[in-house]
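Trainee: Could you walk me through this one slowly? I'd like to learn the words as we go.

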Amino acid sequence: SNVVLFVDTYDSATQQPYTGFYRLAVQSGEGGIAQVSDGPLLLLEEGQYRGPLAVSPDLTRLAYFVYDAAVPSLTAGTVKPPNTVNLLTLSGRGASLLRTVYSSETRFEFLAPELAWQGPDRLLLTRSRFAAGNARNYDRFGIVQVQLPPAGSAPSEATTATSYLLPGGRSLLDLAACSDGSALLLVRDGTGAQSLARWLEGGQSRALFGLPAQLDRTLLCWRAGLE
């Protein structure tokens, strides 16, 4: 069998993440012995990216976070959270082409930590800020749906973004992209109560049912779509 792997590396000595992102092909024979048949090919060098990284479903493009000093930010001191989403074309027309598809809308916010593909030409990501009184925790106050040009399109083709801000006092704990173009959101309100909600582009989110307060992630099938 032939398998293509995308590998993000980590320096265990310095505890430094994002020290290089690679692609390699691994071939295994009848005896179960595997060997690298192609690569490793360095796609992103240390300092060029932040996680998470997400490969498109058709394996043609890579989306990832980055901190861009040119984007206005009030968090540009010792802590520099990502404020931009970049897209690297992996194969086909425009291979190795790099483009910026979205940047933080205000200097008071940043992007992290969710990034998900919603089909081959759409991204879902979170708008975040530091939680009150705790710079180590994120307050995820909104999501953004970024519509991308089709794979292989000219660099001049623009992207469009639709943003949804959660009602006051609510924050996002996790999200899941659905194949019908909607998103499922794990939301916590100001009282600590949690619920699963559905959001469709251009509208308000709709609560589906309550969830235990101990739950802080949602691992849902990408085919999910609730009416």
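Mentor: Two strands count as paired if DSSP finds at least two bridges between them, and the strands themselves (E, at least two residues) are DSSP runs numbered from the N terminus. This is a predicted model, where local features need pLDDT of at least 70, side-chain atom pairs count only at pLDDT 80 or more, and totals for chains, interfaces and linings use all residues. Residues are numbered from 1 along each chain as its sequence is written, and side-chain values use heavy atoms, with hydrogens and water left out.

Trainee: OK, so what is the strand order in the open sheet of 3 strands?

Mentor: The order is 1-2-3, and the pairing is antiparallel. Strand 1 (2-11) and strand 3 (34-45) are the edge strands, each pairing on one side only. From one strand to the next the twist averages 25°, an angle between N-to-C axes fitted to C-alpha atoms, on a scale from 0 to 180 degrees.

Trainee: And how many bridges hold strand 2 and strand 3?

Mentor: Strand 2, which covers residues 16-28, pairs with strand 3 in the antiparallel sense over 8 bridges. As an example, Gly-20 has Glu-45 in strand 3 as its bridge partner.

Trainee: Which strands make up the open sheet of 4 strands?

Mentor: That sheet runs in the order 12-13-14-15, again with antiparallel pairing. Its edges are strand 12 (171-177) and strand 15 (206-211), each of which pairs on one side only, and neighbouring strands here are turned by 25° against each other on average, direction ignored. Strand 14 (residues 194-200) is joined to strand 15 by 5 bridges, and Ala-197 stands opposite Ala-207 in strand 15.

Trainee: Switching topic, which strands form a hairpin with 5 residues between them?

Mentor: Strand 4 and strand 5 do, and Leu-59 in the turn has a positive phi of about 65°. Strand 4 (residues 50-55) and strand 5 (residues 61-66) run antiparallel and are joined by 4 bridges, with Leu-53 facing its bridge partner Tyr-64 in strand 5.

Trainee: What about Arg-140, where is it found?

Mentor: Arg-140 is found in strand 10 (residues 134-147), and it counts as buried because its relative accessibility is 14%. Not counting residues up to four places away in sequence, the residues that Arg-140 touches include Thr-126, Ser-128, Leu-166 and Glu-114. With Glu-114 there is also a side-chain polar contact of 2.6 Å, meaning a pair of N or O atoms within 3.5 Å, where within protein one must be able to donate a hydrogen and the other to accept it, and residues adjacent in sequence count only if both atoms are side-chain atoms.

Trainee: Last one: which residue lies over the face of Phe-141?

Mentor: That is Arg-129, at 4.3 Å from the ring centre; a charge sits over a ring if NZ of Lys or CZ of Arg is within 6 Å of the ring centre and within 35 degrees of the ring normal.

Terms used
Buried < 20%, exposed > 50% of the residue type's maximum accessible area, 1.4 Å probe, protein only. Contact = heavy atoms within 4.5 Å.
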